[in-house]
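Have the structure open beside you and follow along.

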Amino acid sequence: MIRVAKGDEDAFEILVNRHQTSVLNLIYRFIGDRTQAKDLAQEVFLRVWQTAKCYEPKAKFTTWIYRIATNLCLNELKSARRRRWFPFPRSNENEGYTFEETLSDGSPNAEEVLLTKERSRQISDALQSLPPNQRMALVLKRYDDLSYQEIAQILGCSVSAVESLLVRAKRTLQERLKDL
Amino acid sequence: MMRCRNVQEKLSAYQDKELKPREQEEVSSHLLVCQSCHKQYEKLEGVWQTIGELREIHPDPWFYPQLIKRIKEPREGRSIPRPRWASRLLPAPAIAWILLVIGLLAGTYLGNILARSDFFPFQTSRSSEETTLTSLHVFDPVPPGTLAHGYLQMVNYMESDSK
């Protein structure tokens with residue numbers, strides 16, 4: 001990060017390669033739209049490059065970059081709410097997985113592929129139905145296995161608030177996914 | 001020994017291994033003996049497993065080249081910036097609302113002026129009585145100005161002339 005702050009592009013490339021998958025997936029699981037997730041992930045690294053000089057290694061780098069990603073996601077959600085008056089079509093490949101990915105699983109028959117796709121869509125919908133803070137706390141816990149302390153730093157709230165967010169999120173998901 | 005209600009409140013934190021070691025052990029031993037709480041925990045685990053089924057997506061190979069392009073051409077594709085004073089004084093939605101209200105007021109005002117009969121100076125004025133009578137002809141079986149109306153007038157004239 002010190003090299004990135006000095007404008008070293010090689011160091012920046014290493015940093016991007018190291019963190020792009022986790023940042024992309026964090027955003028994708030939060031937003032639920034693949035194309036938008038890719039755009040926002042680029043925006044995250046753009047901010048990292050622009051603010052590298054201000055970075056102080058107080059917390060883990062992952063916490064810092066996830067905080068940037070979280071803020072961008074929450075802002076995007078707010079603008080999306082405003083844009084709801086003038087809706088634009090979303091990309092077609094946004095839900096679940098592409099067929100190539102589903103098939104890479106080794107599932108041989110088309111019915112199974114469709115069932116897996118439908119199941120993924122239902123899980124994704126259930127996640128998207130959670131309020132933003134609960135959703136982000138859940139994504140950070142479930143997929144990145146961060147501690148309550150780290151999640152609290154990223155969301156800018158207390159550890160007990162994180163605990164409460166997760167209890168509520170799990171309760172809602174339990175209800176919404178009971179048929180799966 | 002913990003009570004069921006206590007345990008169920010702590011199940012989520014227990015699952016996330018966020019309880020203090022002693023509490024973690026207490027919940028563990030309670031789950032071994034209490035079927036109801038154990039069932040609750042299994043449900044929680046089930047949901048955790050289900051949402052874990054969502055797999056990763058992978059970044060495109062051109063993710064970094066695109067990013068570098070954006071960094072080197074920072075102004076490309078950005079919206080036209082508003083003057084700083086305007087964005088400070090009025091956020092975008094407020095401006096939109098103000099313009100809408102001004103538009104509605106102006107529309108109402110202009111509409112009222114145009115609707116007034118004396119607004120157009122060259123317009124021939126008609127008395128309200130005349131206007132009403134003319135409009136009544138619309139419901140006549142033979143409206144004035146048509147061929148049939150002319151024929152009937154001619155026949156009436158000839159009849160009165162022969163008398």
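Chain B averages a pLDDT of 80, and 72% of the residues score at least 70. Among the elements of chain B, the highest mean pLDDT, 94, belongs to helix α2 (residues 21-33), while helix α5 (residues 84-89) has the lowest, at 59. Where pLDDT is low, the predicted coordinates should not be read in detail.

For the complex, the predictor gives an ipTM of 0.79 and a pTM of 0.67.

## Chain B at a glance

Chain B has eight helices and zero strands. Walking from the N terminus, you pass α-α-α-α-α-α-α-α.

Of the 163 residues in chain B, 9% are buried. Among the contacts in chain B with a separation of 6 or more, 42% are between residues 24 or more positions apart.

## A helix pair inside chain A

Two packed helices are described by the angle between their axes and the distance between the axes. For α7(A) and α9(A), the angle is about 95 degrees and the axes are 9 Å apart. That angle falls between 65 and 115 degrees, so α7(A) is roughly perpendicular to α9(A).

Which residues of α7(A) meet α9(A)? They are A:Asn133, A:Gln134, A:Arg135, A:Ala137, A:Leu138 and A:Lys141. Facing them in α9(A) are A:Val162, A:Leu165, A:Leu166, A:Arg168 and A:Ala169. By type, the residues of this contact are six nonpolar, two polar and three charged.

## Where the two chains meet

The contact between the chains draws on 30 residues from chain A and 25 residues from chain B. On the chain A side, α2 (9-31), α3 (34-51), α6 (110-128), α7 (132-142) and α9 (159-176) each supply at least two residues. The most come from α2(A), which gives eight residues. Sorted by type, the residues of chain A that touch chain B are 15 nonpolar, seven polar and eight charged.

## One crossing between the chains

The helix α9(A) also packs against helix α3 (residues 35-51) of chain B, at an angle of about 85 degrees and with the axes 10 Å apart. The two helices, α9(A) and α3(B), are therefore roughly perpendicular to each other.

From α9(A), the contact uses A:Lys170, A:Leu173 and A:Gln174; from α3(B), it uses B:Lys43, B:Leu44, B:Val47 and B:Ile51. Four of the residues in this contact are nonpolar, one is polar and two are charged.

Notes
Residues numbered from 1 in each chain as written. Chains lettered and ligands numbered in written order. Predicted model: local features only at pLDDT ≥ 70, side-chain atom pairs only at ≥ 80, totals over all residues. Contact = placed C-beta atoms within 7 Å. Helix = DSSP H or I, 4+ residues; strand = E, 2+ residues; numbered from the N terminus. Nonpolar A, V, L, I, M, F, W, Y, C, P; charged D, E, K, R; others polar. Buried ≥ 20, exposed ≤ 12 C-beta atoms within 10 Å, placed from the backbone. Axes fitted to C-alpha atoms, helices over the stretch in contact; angles between N-to-C directions. Parallel < 35°, antiparallel > 145°, perpendicular 65-115°, else oblique. pLDDT = per-residue confidence, 0-100.
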